[in-house]
Amino acid sequence: FGQSWVKISPDLTTNDRSKQKASGGPITLDTSGAEFYCTIFTLRESPHKKGILMSGSDDGLIYITTDDGKNWSNITEGARAAGLPEWAWIRTVEPSPHAKGVWYMAATKYKLDDTAPYIFKSSDDGKTWQKIVSGIAEGDYVRVVRADPNVAGVLYCGTETGLYVSIDDGANWTRWE
């Protein structure tokens with residue numbers, strides 16, 4: 001249990017060295033590491049087939065492997081075509097527990113003054129994505145999306161100000177009051 005490790009991927013970030021330095025200056029140098037980027041933030045395995053893993057980074061990249069990490073494909077462009085902005089922080093990649101090939105993804109960009117909600121759904125293992133934020137208040141940026149493990153089509157979304165639920169697989173969201 002964690003006593004030994006095997007590398008299963010190349011760098012799955014932009015590896016932009018300019019984003020990997022302490023912020024501030026000689027007087028206000030921040031050494032906490034909170035402003036360092038180019039890190040994998042989320043990694044999940046499909047519950048439907050062993051060896052399918054998806055990753056998301058805090059510098060906006062999404063990758064998938066279907067062979068337990070031997071080969072990785074950058075699937076970011078499909079999400080960008082659906083409205084994912086460059087340099088978005090990929091907060092969650094969530095496999096559907098009910099449907100093979102279905103994934104949900106939540107992203108934020110509030111640190112760059114973009115507070116729009118970003119949630120996406122893919123039905124083809126990340127090749128294409130569609131934005132699913134109808135009903136989420138503009139400016140209520142998303143921190144997490146999760147699929148209900150027992151009821152197909154029910155999703156939960158945690159935002160900066162509250163919780164939303166969808167009972168139609170993300171087509172519409174209602175704030176949980």
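Reader: Why is Arg44 called partly exposed?
Author: This is a predicted model. In it, Arg44 has a relative accessible area of 29%. Buried means under 20% and exposed means over 50%. The 29% of Arg44 falls in between, so Arg44 is partly exposed.

Reader: What makes Glu94 buried?
Author: Its relative accessibility is 5%. The cut-off for buried is under 20%. Glu94 therefore counts as buried.

Reader: How do you know that Glu94 and Arg44 meet in a salt bridge?
Author: The N to O distance between their side chains is 2.5 Å. The limit is 4 Å, from a side-chain nitrogen of Lys or Arg to a carboxyl oxygen of Asp or Glu. With 2.5 Å between Arg44 and Glu94, the pair qualifies as a salt bridge.

Reader: What does the pair of Glu94 and Arg44 tie together?
Author: Glu94 lies in strand E5 and Arg44 in strand E1.

Reader: What makes Arg146 and Glu94 a salt bridge?
Author: Here the N to O distance is 2.9 Å. That is within 4 Å, so the pair of Arg146 and Glu94 counts. Arg146 lies in strand E9 (residues 142–147) and Glu94 in strand E5, so this pair ties together parts that are 52 residues apart in sequence. Arg146 is partly exposed, at 36% relative accessibility.

Reader: How do you know that Asp169 forms a salt bridge with Lys121?
Author: Their closest N and O atoms are 2.3 Å apart. The limit is 4 Å, so the pair of Asp169 and Lys121 counts too. Asp169 lies in the loop between strand E11 (163–166) and strand E12 (174–175). Lys121 lies in strand E7 (residues 114–122). The pair ties together parts that are 48 residues apart in sequence. Lys121 has 15% relative accessibility, and buried means under 20%, so Lys121 is buried.

Reader: Which residues do salt bridges with shared partners join into one network?
Author: Arg44, Glu94 and Arg146. Glu94 meets Arg44. Glu94 also meets Arg146. Across the whole structure, the search finds 8 salt bridges.

Reader: What makes E1 and E2 partners?
Author: There are 5 bridges between E1 and strand E2 (residues 53–57). Pairing needs at least two, so E1 and E2 pair. They run antiparallel. Ile40 stands opposite Ser57 in E2.

Reader: Why are one side of E1 and one side of E4 left without a neighbour in the sheet?
Author: The 4 strands form an open, antiparallel sheet in the order E1-E2-E3-E4. Strand E1 (40–45) and E4 stand at the edges and have a single partner strand each, so one side of each has no neighbour.

Reader: What is the phi of Asp68 and Trp87?
Author: Most residues other than glycine have a negative phi. Asp68 has a positive phi of about 65°. Trp87 also has a positive phi of about 65°. Neither Asp68 nor Trp87 is a glycine. Asp68 sits in the loop between strand E3 (62–65) and strand E4 (73–74). Trp87 sits in the loop between helix H1 (76–81) and strand E5 (89–95).

Reader: Why is Trp87 called partly exposed?
Author: Its relative accessible area is 27%. That value lies between the 20% and 50% cut-offs, so Trp87 is partly exposed.

Reader: Which residues are closest to the centre of the largest pocket?
Author: The pocket has a volume of about 180 Å³. Of its 10 lining residues, the closest to the centre are Tyr37, Asp58, Trp87, Lys111 and Leu112. By class, the lining has 5 nonpolar, 1 polar and 4 charged residues.

Note on methods:
Residues numbered from 1 in each chain as written. Predicted model: local features only at pLDDT ≥ 70, side-chain atom pairs only at ≥ 80, totals over all residues. Heavy atoms only, no water. Buried < 20%, exposed > 50% of the residue type's maximum accessible area, 1.4 Å probe, protein only. 1 Å grid on protein atoms, 1.4 Å probe; cavity = no way out; pocket = protein on both sides within 12 Å on 5 of 7 lines; lining within 4 Å. Points joined across faces, edges and corners; volume = space filled by probe spheres on them. Nonpolar A, V, L, I, M, F, W, Y, C, P; charged D, E, K, R; others polar.
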